Amino acid sequence: MSNVDASELSKFEQLASSWWDKEGEFKSLHDINPLRVDLIEEAVGGLFNKTVIDVGCGGGILSEALVNKGANVTGLDMVDASLEVAKLHTLESKVDVNYVLSTAEDWANKHAQSYDVVCCLEMLEHVPDPKSVIQACAELVKPGGFVIFSTLNRNIKSYLMAIMAAEYILGMVPKGTHDHSKFIKPAELIKMIETSNLCPQFITGLHFNPISQAYYIDNKNVDVNYFVVCQLPLNA
């Protein structure tokens, strides 16, 4: 429990009932989810019959979509209310996900090198020690497997777009969702990744077009939201 922020747990507990409202508090996650799934599927060479763990799964938006691509998915989170919503939704969607209440660190101690793919998206900026989560993800993945991280860059542009615009002007995410001081610069994330056995493969940005109201992935910059795809060497 040392790498859990009680205020973050409380925040997501209060929002738990909104996870599957596609026009509600988590609309932006629903909107970007197809892009996230396509990026993951392409990066890992297909998801069919692969074992995947979704670290910080919340209400299961990504987890269910990965199952629909043929993966065997475990969803990990520390917000019990979110996991209950996720489990209830599987009754409606008929999608089989193994949801677990645990930290990444505790789960890695029991399930090292168990997964072909480890996803840790929009989660690192919500924990006190992101480096610890990164190390746990590195321990969870099988040699030759992939780990995908996404988070938010820390700069003036990300403050204006991810907090001022997204939270206070456009209302795309609930106010108080993010703390700019917890955002992670790409160089910082790469440095943390390189302290594990993971090898970064590529980095790309997630962008929003305010005119078309559409999201897209492009590596022209990583100024705000970005992904880093890593692989664990076979000899690790």
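Let me open with a cysteine: Cys-57 has a relative accessibility of 5%, and because the cut-off for a buried residue is under 20%, Cys-57 counts as buried. Please keep in mind throughout that what we have on the screen is a predicted model.

Staying with the cysteines for a moment, the structure holds zero disulfides. Cys-57 is accordingly in no disulfide, and the cysteine sulfur nearest to its own, which belongs to Cys-120, lies 11 Å away. Cys-230 is likewise in no disulfide, and there the nearest cysteine sulfur is that of Cys-199, at 8.5 Å. With a relative accessible area of 0%, Cys-230 is buried as well.

I would now like to turn to helix α6, which covers residues 130-140. Which residues of this helix are buried? They are Pro-130, Val-133, Ile-134, Ala-136, Cys-137, Ala-138 and Leu-140. As for what they pack against, the partners of these buried residues are the strands β1 (51-55), β4 (115-121) and β5 (141-152), together with the helices α5 (104-110) and α8.

Leaving aside residues up to four places away in sequence, Val-133 touches Asn-3, Val-55, Ala-104, Glu-105, Cys-120, Met-123, Leu-124 and Val-127; Cys-120, you will recall, is the residue whose sulfur is the nearest cysteine sulfur to Cys-57. For a sense of distance along the chain and through space, Val-133 and Ser-114 are separated by 19 residues in sequence, while their C-alpha atoms are 16 Å apart.

Finally, I come to the pairing of α6 with α8, the latter being residues 186-194. Two packed helices are described by the angle between their axes and the distance between the axes. The crossing of α6 and α8 is right-handed. On the α6 side, the contact is made by Pro-130, Lys-131 and Ile-134, and on the α8 side by Leu-189, Met-192 and Ile-193. Sorted by class, this contact has five nonpolar residues, one charged residue and no polar ones.

Terms used
Residues numbered from 1 in each chain as written. Predicted model: local features only at pLDDT ≥ 70, side-chain atom pairs only at ≥ 80, totals over all residues. Heavy atoms only, no water. Axes fitted to C-alpha atoms, helices over the stretch in contact; angles between N-to-C directions. Helix = DSSP H or I, 4+ residues; strand = E, 2+ residues; numbered from the N terminus. Left-handed = near helix turned anticlockwise from the far one by under 90°. Contact = heavy atoms within 4.5 Å. Nonpolar A, V, L, I, M, F, W, Y, C, P; charged D, E, K, R; others polar. Disulfide = S-S within 2.5 Å. Buried < 20%, exposed > 50% of the residue type's maximum accessible area, 1.4 Å probe, protein only.
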